[in-house]
Amino acid sequence: MAGGGGKARPLEFTPTWIVASVCSIIVIISLIFERLLHRLGKRLMRSRKKPLYEALLKVKEELMLLGFISLLLNVLQGPMGKWCVNPDIMRHLQPCKPPRALSDTEHLGDAVFAGARRLLAGGGGDSEGYCMEKGKVPLLSAEAIHQLHIFIFVLAVTHFLLSAITVLLGIAQTRNWRHWETKIQENDVDASQMIKHVQEFKFIQDHFRGHRKRSRTVGWMRSFFKQFYGSVTEEDYTAMRLGFIMKHCSGNPKFKFYNYMIRALEVDFKKVVGISWYLWAMLMIFLLLNVQGWYVYIWISLVPFIMLLVVGSKMEHIITELAYEVAQKHTAVRGDLVVSPSDDFFWFCRPKLVLLLIHIALFQNAFEIAFFFWLLVTYGFKSCIMGKPAYAITRVVISVVSQLLCGYITLPLYAIISHMGNSFKKSIFDDNVTEGLAIWAEKARRRRTIVYATNSSTVEANSGEIQMQNT
C-alpha cells in the first residue's frame with residue numbers, strides 16, 4: 001500500500017513538501033479571492049452603493065452555504081457509501097440505461113479496481129466491498145457524491161454571474177430613460193396648463209386609440225408583441241413618472257424618479273442573486289426528473305421562456321390599463337396627463353409576485369446552462385446523460401434567448417411597472433435620509449425603554465412606601 005506502482009498513496013505516505021505546497025496554493029488562492037471581495041465591498045461603500053454591497057454580502061452567505069454543503073458531503077461520503085440497498089432498487093428512474101449485465105467475475109474485478117481508484121475520495125473501495133459482501137450495492141458511490149457537490153457549486157456560481165449580467169443589461173437598456181428624466185427636470189412644470197382633450201395625448205393614442213369596447217384577446221396580443229419593440233416609450237415613462245409623483249410625493253414635482261427606480265432595482269438585485277429555499281426545492285425536483293426517455297429538461301427550459309413572455313405581456317397590459325382608466329374617467333385634462341397607480345392591475349394585487357417569477361425564471365436558466373456545461377466537461381457531449389445532441393443544443397439556445405429576453409425586455413419593464421402599485425419602496429429615500437431615519441428610530445426606541453424603566457422603578461418604590469405605611 002505504501003509504494004505500489006499505480007495505487008493511490010494515502011496522506012501518511014505522501015512527501016511533506018507535496019502536502020505543504022498544495023495546501024499553500026489553495027490557501028493563497030482563497031486569500032486572494034477573499035481580499036478581492038473585501039476590496040469590492042469597500043469600493044461599493046465608498047461609492048454609496050449600499051444595495052449592491054448588501055448583494056455582495058448575500059453572495060458571501062451563499063458561498064458559505066456552499067462550503068458547508070461541500071463539507072457535509074465529504075464528511076458523509078464514507079458513511080453513505082456503507083448504506084447498502086438491493087440492486088433491484090437501482091434499476092428505477094435512471095438517467096442512463098446501464099450496460100448489459102456483465103459476468104460476476106468481470107463485475108467483481110471492476111468493482112475492486114474502482115474501489116482502489118477512489119481511496120482518496122473517502123474510502124469508496126471499502127464501502128463497495130462492504131456492500132458486495134452482503135450481495136448489495138452502495139446507495140451513492142463516493143464518485144457520485146464528489147460529482148454532485150461540484151455541480152451544486154457550478155450551479156450557484158452560474159446563477160450569480162447570470163443574475164449580475166441580467167441586471168447590468170437591464171440598467172444599460174434604461175439609459176435612454178436618464179435622458180428623458182433630465183429633459184423633464186429642465187422643463188418648467190407649470191409651463192403647460194392648457195386644457196386638452198384626452199385623445200390628444202400620444203400616451204392615450206398609443207394604448208387606447210379611442211375604442212369604446214375593447215377585445216381582451218386583441219389587447220393581450222397587442223401587449224405581447226409590443227414588448228419586443230419600444231416596450232417603454234418616452235410618453236409611457238412621462239405618464240407613469242407623473243402618476244407615481246402625484247400619488248406618493250405630490251409636494252415634490254422635481255422628484256428624481258429615475259434615480260429612485262435604479263436604487264430600487266439594485267435592492268431587488270440582492271433578492272434575485274440569492275438562492276432561496278424554494279429554489280433548492282426546485283433543484284431537487286429537477287434532479288429527480290432527469291430520467292432517460294422522459295426528455296423533461298427540454299420542457300423545463302421552455303418554462304422560463306414562456307414565463308418571461310407572459311410576465312412581459314402582463315406588464316405591457318398594465319400600461320394599457322392605466323391609459324384605458326384615464327380615458328374612461330376624463331374627457332379633457334388640464335396640463336399633463338396623470339395616471340392612477342393601483343395594486344389592482346397586478347396578479348392577485350401583489351406587485352412583488354412579478355419579481356418572484358423573474359427570480360424563478362433566472363434560476364431555471366442558470367440550472368439549464370450550468371447543467372449543460374457541467375455534463376460537457378464531466379462526461380462529454382456524446383454521453384448518454386447529455387441526451388440527444390439536438391435536444392441539448394436546443395435547451396442551451398432557449399436558455400440563452402431567455403436570458404437576453406429577461407435582460408433587455410422583462411427587467412426594464414419591471415423596473416418601472418413595479419412602482420405602479422399603491423405603495424412605494426424605502427429606496428424612495430436617499431442613503432443619508434435612510435440612515436438618519438434609522439438612527440432616529442433607534443434613539444426613540446432607547447428613550448422609550450429608559451422612560452418605561454424609570455416609570456416602572458418609580459411605581460415599585462411608591463408601592464413599597466404604601467406597604468410600609470400600612471404595616
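Predicted model: local features only at pLDDT ≥ 70, side-chain atom pairs only at ≥ 80, totals over all residues.
A residue is called buried when its relative accessible area is under 20%, exposed when that area is over 50%, and partly exposed in between (1.4 Å probe, protein chains only). Residues are numbered from 1 along each chain as its sequence is written, and side-chain values use heavy atoms, with hydrogens and water left out.

Helix H7 comprises residues 175-186; helices (H or I, at least four residues) and strands (E, at least two) are DSSP runs numbered from the N terminus. The expected span of a helix is 1.5 Å times one less than its number of residues. Within H7, the residues Trp177, Trp180, Glu181 and Ile184 are buried. Viewed down the axis of H7, the buried residues fall within an arc of 100 degrees and therefore line one face of the helix; the arc is that of the directions from the helix axis to the C-beta atoms. Arg175, His179 and Glu186 are exposed on the other side of H7. The buried residues of H7 pack against helices H10 (234-248), H11 (257-273) and H15 (389-417), where contact means heavy atoms within 4.5 Å.

Side chains of opposite charge can pair when their charged atoms come close. A salt bridge is defined here as a side-chain nitrogen of Lys or Arg within 4 Å of a carboxyl oxygen of Asp or Glu, and a search of the whole structure finds six of them. One joins arginine 241 to glutamate 181, with the closest N and O atoms 3.1 Å apart. This pair links distant parts of the chain, as arginine 241 lies in helix H10 and glutamate 181 in helix H7, 60 residues apart. Both arginine 241 and glutamate 181 are buried.

Lysine 183 and glutamate 234 also form a salt bridge (3.2 Å, N to O). Here lysine 183 belongs to H7 and glutamate 234 to H10, 51 residues apart. Lysine 183 is partly exposed, at 44% relative accessible area, and glutamate 234 is likewise partly exposed, at 26%.

A further salt bridge connects arginine 395 and glutamate 368 (3.2 Å, N to O). Arginine 395 is in helix H15 and glutamate 368 in helix H14 (residues 352-378), 27 residues apart. Arginine 395 is buried, with a relative accessible area of 8%, and glutamate 368 is buried with 2%. Finally, Lys226, Asp236 and Glu316 are linked in a network of salt bridges.
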